[in-house]
Amino acid sequence: MLDLTQDVRALTAAIVDIESVSGGEKALADAVEQALTALPHLTVDRSGESVVARTNLGRAERVLIAGHLDTVPVAANLPSRVEGDLLYGCGTSDMKAGVAVALRLAATVPAPNRDVTYVFYDCEEIEAERNGLTRVARDHPEWLAADFAVLMEPTDGMIEGGCQGTLRADVTVTGKRAHSARSWFGVNAVHGIEPVLARLNAYEARLPTVDGLEYHEGLNAVAVRGGVAGNVIPDECVVTVNYRFAPDLTIEQAEQHVREVFEGYRVSFLDAAPGARPGLTHPVAAAFTAAVGGTPRAKLGWTDVSRFSALGVPAVNYGPGDPNLAHQQGEYVSLPKIVESERALLNWLTK
C-alpha cells in the first residue's frame with residue numbers, strides 16, 4: 001500500500017518503483033485506490049485502471065486535478081535512484097512526480113477551500129481510443145464535472161495554458177509506371193514530390209496570440225512512402241504531413257488550411273485532435289495563477305486538456321517534471337521542484 005503520509009519526494013520514488021507501462025497499470029491503480037479508499041473525506045470510484053476520488057463539501061466551486069498513471073516502456077531505468085537533488089527513473093518527469101503531488105494533496109487537505117476531484121487514469125501514452133480519460137468521459141461524465149482543471153503534465157513548474165491541435169494528412173503525388181530501363185516512358189512520382197517539399201520548406205508558420213498567450217504553429221513532413229520495385233518507375237508517392245495548429249482554429253479550419261497549402265494535390269486526412277484555449281480567464285484560474293506564480297506560457301504540444309475543453313472545463317498544464325526529459329532513458333525530476341509544486345497547490349487549495 002502507498003503511504004500517503006510520507007514526504008512527497010519519497011512518495012514519488014515509491015510510485016516510480018511500481019512499474020506501470022501503458023496497459024500494465026493495474027498494480028499501481030490498485031495501490032492508489034487502496035490508499036485513497038482509506039481516507040474518509042473522499043468518495044472513490046474506479047473505471048478499469050482509472051481511479052477518481054472526490055471531496056463533497058458543498059463548496060461553491062469544484063476543481064479537478066488529473067494525472068496519468070502509465071509510462072512509456074522501461075529502458076533499464078528502474079528501480080529509481082537519487083543523485084543529489086535529482087530522482088532518476090522511468091516516469092519520474094512524465095508524470096509520476098505530478099501524480100505524487102496530487103496524491104499528497106488528496107491525503108493531506110481534507111477540507112479544501114474548493115471541492116476537488118482527483119483523477120488518476122491509464123493509457124495516456126498510447127493510442128487515443130484506449131485513453132482512460134476518454135473512457136471515463138464516455139461512461140461517467142459526471143465524475144469529471146468541474147469549473148476548472150489542472151493536468152499535472154510536466155511543465156518544469158510553469159503554467160502552460162491550453163494546447164495546440166494536431167492533424168496528420170497524406171499528400172499524394174501521381175505519376176506513370178514504366179520499366180526503369182526505359183524510364184522516359186513513365187513519370188516518376190517520387191521525383192514529383194519536390195514541389196510538395198518546396199512548399200513545406202517555404203512555409204511560414206503562424207504565431208498567433210490566443211487569450212494572451214503566443215502559440216507557434218508548425219507544418220512538417222513526417223514520412224514519405226513510394227516505390228514499387230527495384231526496376232519500376234513509381235506511379236505514386238505519398239508525403240505524410242503533421243500540422244500543429246493553435247487553439248483559435250477548429251479541426252475543420254485546420255483541414256482547410258492544409259488543403260490550401262497543397263492545392264492541386266490529393267489530400268487525405270488521417271486523424272486529428274482539437275486544441276484547447278488557455279482557460280486562464282476564469283476566476284478560479286486567476287486564483288490558481290496567483291498561487292503558483294510565474295508568467296503562464298502557451299502549451300506547444302497536444303495534451304489531455306483538450307479532452308477537458310471538449311467537456312466544457314477550462315484547463316491548464318502544470319507539473320514539476322521537465323517536458324524535455326520525458327520518455328528518455330535518463331529521465332529524471334528535480335526533487336526541489338516536486339516540493340515547490342506541492343507547496344503551490346497546497347497554497348491554492350487552502351488560502
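Student: How many bridges join strand 2 to strand 6, and do they run parallel or antiparallel?

Tutor: Strand 2 (residues 50–54) and strand 6 (residues 115–121) run antiparallel, joined by 4 bridges. Strands here are DSSP runs of E, at least two residues, numbered from the N terminus, and two strands pair if DSSP finds at least two bridges between them. This is a predicted model, where local features need pLDDT of at least 70, side-chain atom pairs count only at pLDDT 80 or more, and totals for chains, interfaces and linings use all residues. Residues are numbered from 1 along each chain as its sequence is written, and side-chain values use heavy atoms, leaving out hydrogens and water.

Student: Nice. Which residue in strand 6 is the bridge partner of Ala53?

Tutor: That's Tyr118.

Student: And what order do the strands of the open sheet have?

Tutor: The 8 strands go 1-2-6-3-7-18-8-17, with mixed pairing. Strand 1 (43–47) and strand 17 (297–298) are the edges, each pairing on one side only.

Student: Changing topic: how many disulfides does the count come to?

Tutor: The count is 0, where a disulfide is a pair of cysteine sulfur atoms within 2.5 Å.

Student: What about Cys163, buried or exposed?

Tutor: Cys163 is buried, at 0% relative accessibility. The closest cysteine sulfur to that of Cys163 is in Cys123, 20 Å away, so it is too far for a bond.

Note on methods: Buried means under 20% relative accessible area, exposed over 50%, partly exposed in between (1.4 Å probe, protein chains only).
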